[in-house]
Amino acid sequence: MLSKNITYDRFRFGQVIDDEILKDTFRMRYEVYVDEFGFENKTDHPNGLETDEYEKESIHFACLNETDSVVGTIRLVLHSDKGFPIEHATKLNFPGKKPAPEKIGEISRLTVSKDLRRRKEDGIYGVESYLRKKEGGVLPDDGTIPKEMAGRKNPIIVLGLYKVMIQESMRQGLSHWYMITEKKLYYALKKYGYLFHQIGEPVQYHGERIPYFADIHELLVNLKQENAGMYDFLLNGLEQEYWPRT
């Protein structure tokens, strides 16, 4: 069962409140992080579920297909006495005054099912066909789009998961996000108006990963100015009391 779920295209997105669906998200993460990409060791996850010490401190979100199978996951790690995962991975250079930790959430474990990453060049998020080569994608750097890729859709799974996550962040009263990820995801989010800032040097963990942060209010103001359609999409379905004053 999903809470506060929304429908986008043929998929449903929402917060996971059901133990069986939560287990399915861990199982899908295992398939991607362990079996497919080899990011994690099988011996560390003998039950076939990819988990770590932050699961109980996290809000989990999932994307379900028409048969209610989990085909996408993301989580938002909240502040606890464990700190945030990103803080243990690299030294952070936070611009300006650092917000109170209880106002921060860390985005992690974005995963898209292999079945929905149909192109051979697709990586873990399936965003490569929307990006130029210099951004980590496959499109020509001159901005042209090959005829065979002209009919591609938006990365529905990624956008839907970010929608339910940003809405819950606003309900929780969060003001900032952390994220440590590949540069290609940064560029994919930037393409749709999500404004993140690099706050540290790249680190080697499952390949090169870069630490970022976002001011949620700044992100929404930028979206409203640069991509009004995406701004409306993100807020559609959110209770009026949580709408930003932009």
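1. Ring pairs join Phe-84, Phe-94, Tyr-178 and Phe-213 into a cluster. Rings of Phe, Tyr and Trp (its six-membered ring) pair if their centres lie within 6.5 Å, with planes under 30 degrees apart counted as stacked, over 60 as edge-to-face and the rest as tilted. This is a predicted model, where local features need pLDDT of at least 70, side-chain atom pairs count only at pLDDT 80 or more, and totals for chains, interfaces and linings use all residues. Residues are numbered from 1 along each chain as its sequence is written, and side-chain values use heavy atoms, with hydrogens and water left out.

2. The whole structure holds 12 aromatic pairs. In one of them, the ring centres of Phe-84 and Tyr-178 are 5.4 Å apart and the planes stand at 80°, so this pair is edge-to-face. Phe-84 lies in the loop between strand 4 and helix 2 (85-89), and Tyr-178 lies in strand 6 (residues 176-181), 94 residues apart. Helices (H or I, at least four residues) and strands (E, at least two) are DSSP runs, numbered from the N terminus.

3. Have a look at Tyr-186 and Tyr-212 too: with centres 4.8 Å apart and planes at 0°, the pair is stacked.

4. Strand 3 (residues 58-64) has seven of its seven residues buried. Strand 3 pairs with strand 4 (residues 70-78) in the antiparallel sense over seven bridges; pairing requires at least two DSSP bridges between two strands. Phe-61 stands opposite Ile-74 in strand 4.

Definitions and conventions. Buried < 20%, exposed > 50% of the residue type's maximum accessible area, 1.4 Å probe, protein only.
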